[in-house]
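Notebook open, structure loaded. I'm jotting down what I look up as I go.

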Amino acid sequence: GHHFSKNFKLISQFATIHALANCEGYATQQQQEQWSLGLKGVFENHKWYINASIRQGLFDEEMIPFLPAVNLRYNFVPTLSWKADVARVFRVPTLNDRFWIAGGNKTLAPEEGFSSSTGIQWLLKKEKFSMKMQASVFFSELEKAIVWLPGLNGIYAAENIHEMESKGFEGEVDLAYTTGKWKFRARLTTPVVSSKITKSDPSFD
């Protein structure tokens, strides 16, 4: 990475994932490779945090889509902040998705889509007590989503669903109290999620 100023830095990233498996669940030894090259810019001051990135790569020697992502945070005051993120999504099928016997599908396509979320966070600290409250909403849409569905023979098999949509809300309250060597903590999370298949045409554009 390189710091262009006190508040801005640019980071280059290279990653490779090599998966290799030889087990009873596969007919033969299987493997897959994924390579990616990315560039990330980070800007931060007392009010803003901005993280923007781009990524490009290969999956089994085939080019994957261009993948941008942006993550934002804004501090209204030290105890109250807003955050948001949006990203293009690309997920390759796992070895089990492709090769597991029975149900694996060698012809599976990778999932593609986008995800987004936004929310607020409030933090209160007073001597030995602290409380964090946050609430957020999210929305994502996947094309060629990989799901395991039951067949006529009762055996589940991996398939691509043309389009799937998920949206929801998540609230969280985190309480902590410290006294001496002891720390007490309680957390309450209330997720509400709705997922549905919006198009199940087996032919893909």
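I started with Gly168, which is buried because its relative accessible area is 18%, and buried means under 20% (exposed is over 50%, partly exposed is in between, with a 1.4 Å probe and protein chains only). Gly168 sits in strand E10; strands are DSSP runs of at least two residues, numbered from the N terminus.

A note on the source: this is a predicted model, so local features need pLDDT of at least 70 and side-chain atom pairs count only at pLDDT 80 or more, while totals for chains, interfaces and linings use all residues. Residues are numbered from 1 along each chain as its sequence is written, and side-chain values use heavy atoms, with hydrogens and water left out.

Next I checked what Gly168 touches, where contact means heavy atoms within 4.5 Å. Leaving aside neighbours within four places in sequence, I found Ser136, Val137, Phe138, Val192 and Val193. I also looked at Gln30: its C-alpha atom is 37 Å from that of Gly168, and the two are 138 residues apart along the chain.

Staying in strand E10, I looked up Leu175. Leu175 is partly exposed, because its relative accessible area is 32%.

Then I moved to Lys40 in strand E3, residues 30-44. Which side chain of opposite charge is nearest to Lys40? I found Glu44, 11 Å away, and Lys40 is buried with no salt bridge (a side-chain nitrogen of Lys or Arg within 4 Å of a carboxyl oxygen of Asp or Glu). Not counting residues up to four places away in sequence, Lys40 touches several residues, among them Leu10, Ile11 and Asn51.

Technical notes: Helix = DSSP H or I, 4+ residues; strand = E, 2+ residues; numbered from the N terminus. Lys, Arg positive; Asp, Glu negative; His and termini not counted.
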